[in-house]
Each structure stands twice: as C-alpha cells, then as structure tokens.
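Below are some exercises, each with a solution worked through in steps.

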Amino acid sequence: MPKRCLPFLALLALPVPTAAQQREAWQAPTLSITRYDEDWSDLADAEKRGHHWTGPFKYIPLGDDAWLSTGVELRARVESYDDNLWGGAQAPDDAYLWLRALPYADLHVGKLRAFVQPMIAYAVGVAPSAGPVDQSRVDLLQGFAEAQLGPVTLRAGRQMLSLGTERLVGTRYGPNVPLAFDGARADMRIGKATVSLLAVKPVQPGLHSFDDATSNTKALWGAYATLPELDLYYLGYRNRAARFGGNEGREVRHNLGLRSHGVRGDWHWNVEGVYQFGDYDGQRIAAWTLGTEIGRSFPVLPMAPDATLRVNVVSGDKKGDDGRLGTFNALFPKGKYFGELSPVGPTNIISLNPRVSANLGKDVSASVAAMAYWRYSTGDGVYDIPGNLIRAPGDSDARFIGKEAEATIAWQASAEWELSASLSAFAPGAFIRDTGPAKTITMLGLESNFRF
C-alpha cells in the first residue's frame, strides 16, 4: 500500500481496498470515494481481466476505443448516541440505521466520457425525524460528461469534489448522503503541476426521490493547484442566506490556502493554512485556520504502529458588534473532521489529537485516539461540522470545551468487504458546564461496507 494511504487507514473512515495490495499480473487502482478518478484502462488486456472476479465488471469492451466500467458500494451503518450534545439535543438518546447503495457506470469513447452514479439512501429510526443528510431515497448523486483535450480535461454536470484533505471542500462521505456539486471543472496539467478551475453550486438533497436540487443560495468557484508535496489554492464562496450570531445575511468569502504534505522515510506530515476575507451583511470578514499533522511509522516494531499528532487552530469571532466577523467558515468540509463521531466542528476551536494506529493481524487494523478541545475566542460559541451553532457563548469566559477518547477497529474480510466499529466518549469541560446541559456523550458506530 502506498504510504500516502496511511492517514486514511489510521482514521478508518473509509475502506482500505486490499485488492490494491494483491500481487497479481495487474495492479488494481486504489478505490476512491468519488470513483470517477479510478483508471481501469489497463484491463483492456483480456488476460488481465481474468485475475480477479471483478475484472469483467471493471472493463467491458464495447468496440473500437470504447469501453464501460461498472461498480457499486453497499453500505449499512448503525450509529448510537447517549446524551447527544451533552444531553441538550432534541433527541439526546438516539440510535438509527443508515442504508445506502451507490452503483455507477463509467463510459469511455475515445477522448469522451460519461459518468453516472445513482444513489439509494434510506434511514431507519432517526429521532425525532430523518433529515436530508440521513435520507435522500432514490436520486442522482453524480452525472457528468467529460472531454480530454490534450493536457486539459473539461467536465460539466453533477460531480463530487475532494480537494486536498477536504478541510474546505469534501465529499461528506461519512454521513449517509454524500455531497455533490452542479457545475463545471477544468483540470490542466502543466509539467508536474495540475491546476483545477471550478465554478459550481452545491446540491441540496431532499427527503423524497428525485428532488435533489441545485442550491439557489450557495456558490463556489476558484482555482486549486497541486504540485509534488504542495497545494496552493484560491476558493471563492457566496451564500445569500448565511447565519452568524443568530442573524441572517449575504456572505461573500474569499479563501487563500497553502498545504504542505509528504513522506520522508518513516515520517509523514500534512500542514495546511487558510486565510479568509470578504464581507458578511456589512461586516468585514477576517478569519483563518492552521492545521498540522505530523506522524511517524514504526514498520520494524510488532504490529507496525503509526503515531500521529494533529493540532488544529480555527479562529472565532471576538466581538459581535465591532463590524468584523472572525468566525471561520469551513465551507463544505469532510463529514468526520476530528474523528468518527465527534459532535464539534472546525469553527472557533483549538484541538489537540494524538492517535496511534496498528495492524493487529492479517487484514485487521485498529486505532486509539484522544482529543481535547478549547474555544479559540471566548466571544464565540461552539459549532458542529456543518457550521451550525450548537452552544452559544453565553456569559462564560471559560475556553475548555471538553475531552474525547476514541477507539476504532476494522477487518478487511475480503478485497471488497470491510467491517468496522468505533466507540467514543466526550466528557464536557468548563464551558459546556457553564452554558447548559453537561452530560458525557457516548457514541457507537458499526459499519459494513462492500465496494468494488
């Protein structure tokens, strides 16, 4: 497995395809979340298709320079909460089942391509009721056309986006209904660099079949450049119905980001900084974040452990009436930002997260982690991952939000099927105790995921 995959294995946030590790005559690409960036063209050789039972599905010849690739994800996930939001949620004790199927078909004809991925997503037992991220029933997750014009790839339609480590733009893969965007993308290869130009709007999922629609309030545009071990980007964002401090207004936010990442021997790192400026309802925006991740693997030790330390600092608003908004907006972040089932998100927060992962035996991996959270600004509250305020600042000047412990385990039962579990507990700190219900949250996640 490439070393760049180690952070994902440590998080256990998505299946680790052992098909990519098999020593066969052909090397399968690593399965991705978006699926469209997997390249199965090597299976044009009929003999190679016979090395694994999925080969005939991954490359179906249709004639001269035309072929079709197919696949599916079948996921069942149970999540159980006791005293959710420290006992302050509308349904603090909740347990539910998420079910989803994500089949896809990828048609290639010369330099042209059409990709279609329906989505079937249902929820059972969500209290008080399922929301659009829990259940979208039957709808179109992705559907786009693409043209290859020399070093430029043009794509238009509905598509998932995964930029960098998904601090600002991600797939929302962890929840039941992933996030997609409607619009256009152009990828240009310039030497060792790739520059992606984006002009898209997020898809707003509905609770019924075939009612997902392009957002009429939010838009995203910009340029994202990737070089060896370095990403640079500008992303523009607009929301006509943004809410901060209980008020609603128009938000235009510009994001300048720089990310350094790589592997040197047994060491790996991922450091990213973002500065935001713009305007919200007449207020000047000035916000920022700095995320660091430094880790070391120990391949010669038993179970080949990997130790990683993550430190995140995310700005918050200092005063509500000074004409300046310091609350960072994570835009469209990944669904599991700090861990498998953490209730807090990347806004007005300082987090410390040491984590150790290891291989327990053949096809079994596990991790243990600890998290501690503080408010960056005492004038701002605590937010969830989508950016909703879940605990207002009140009159408290305490910074400590709480501490969390998490354990995860995963078994790759076959090349296509993974079983995983996670257990977390979040003990409230002084700020939570000062401002409302303050019970310890316990969270359990169980998942079965079959993908090819």
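**Exercise 1. Is Arg-155 buried or exposed, and what is its relative accessible area?**

Before we start, some ground rules. This is a predicted model, where local features need pLDDT of at least 70 and side-chain atom pairs count only at pLDDT 80 or more, while totals for chains, interfaces and linings use all residues. Residues are numbered from 1 along each chain as its sequence is written, and side-chain values use heavy atoms, with hydrogens and water left out.

Step 1: get the cut-offs. Buried means under 20% relative accessible area, exposed means over 50%, and partly exposed is in between (1.4 Å probe, protein chains only).

Step 2: apply them. Arg-155 has a relative accessible area of 8%, so it is buried.

Step 3: look for its partner. The side chains of Arg-155 and Glu-146 meet in a salt bridge, 2.9 Å from N to O. The term means a side-chain nitrogen of Lys or Arg within 4 Å of a carboxyl oxygen of Asp or Glu. Glu-146 sits at 11% relative accessibility, so that one counts as buried too.

**Exercise 2. Find the salt bridge between Arg-259 and Asp-231, and say which strands it links.**

Step 1: check the distance. The two side chains of Arg-259 and Asp-231 meet at 2.8 Å, N to O.

Step 2: place the residues. Arg-259 belongs to strand S14 (residues 247–264) and Asp-231 to strand S13 (residues 230–244); they are 28 residues apart, and the pair links distant parts of the chain. Strands here are DSSP runs of E with at least two residues, helices are runs of H or I with at least four, and both are numbered from the N terminus.

Step 3: check burial. Arg-259 is buried because its relative accessible area is 10%, and Asp-231 is buried because its value is 3%.

**Exercise 3. Work out which strands pair with S3, and which residues make up its covered face.**

Step 1: list the partners. S3 (residues 73–82) runs antiparallel to strand S25 (residues 441–451), joined by 10 bridges. S3 also pairs with strand S4 (residues 94–101), again antiparallel, over 8 bridges. For two strands to pair, DSSP has to find at least two bridges between them.

Step 2: find who faces whom. Arg-77 stands opposite Glu-447 in S25, and Val-78 stands opposite Leu-97 in S4.

Step 3: sort the faces. In a regular strand the side chains alternate between the two faces of the sheet. The covered face of S3 holds Glu-73, Arg-75, Arg-77, Glu-79 and Tyr-81, and the uncovered one holds Leu-74, Ala-76, Val-78, Ser-80 and Asp-82.

Step 4: look at charges on the covered face. Arg-77 and Glu-79 form a salt bridge at 2.7 Å, N to O. Arg-77 is buried because its relative accessible area is 2%, and Glu-79 counts as buried because it is at 4%. Both belong to a network of salt bridges that links Arg-75, Arg-77, Glu-79, Lys-336, Glu-340 and Glu-447.

**Exercise 4. Describe the aromatic pair of Phe-338 and Tyr-373.**

Step 1: start with the total. The whole structure has 21 aromatic pairs. Rings of Phe, Tyr and Trp (its six-membered ring) pair if their centres lie within 6.5 Å; planes under 30 degrees apart count as stacked, over 60 as edge-to-face and the rest as tilted.

Step 2: Tyr-96 and Trp-98 are tilted, at 5.2 Å centre to centre with 45° between the planes. Both Tyr-96 and Trp-98 are buried.

Step 3: Phe-338 and Tyr-373 are edge-to-face, at 5.5 Å centre to centre with 70° between the planes. Phe-338 lies in the loop between strand S18 (324–325) and strand S19 (349–361), while Tyr-373 is in strand S20 (residues 364–374), 35 residues apart. Both Phe-338 and Tyr-373 are buried.

Step 4: widen the view. Trp-86, Tyr-337, Phe-338, Tyr-373 and Phe-426 form one aromatic cluster.

**Exercise 5. Which residues does Pro-354 touch, not counting residues up to four places away in sequence?**

Step 1: locate it. Pro-354 is in strand S19, and it is partly exposed because its relative accessible area is 37%.

Step 2: list the contacts (heavy atoms within 4.5 Å). Pro-354 touches Thr-308, Leu-309, Val-368, Ala-369 and Ala-370, with residues up to four places away in sequence left out.
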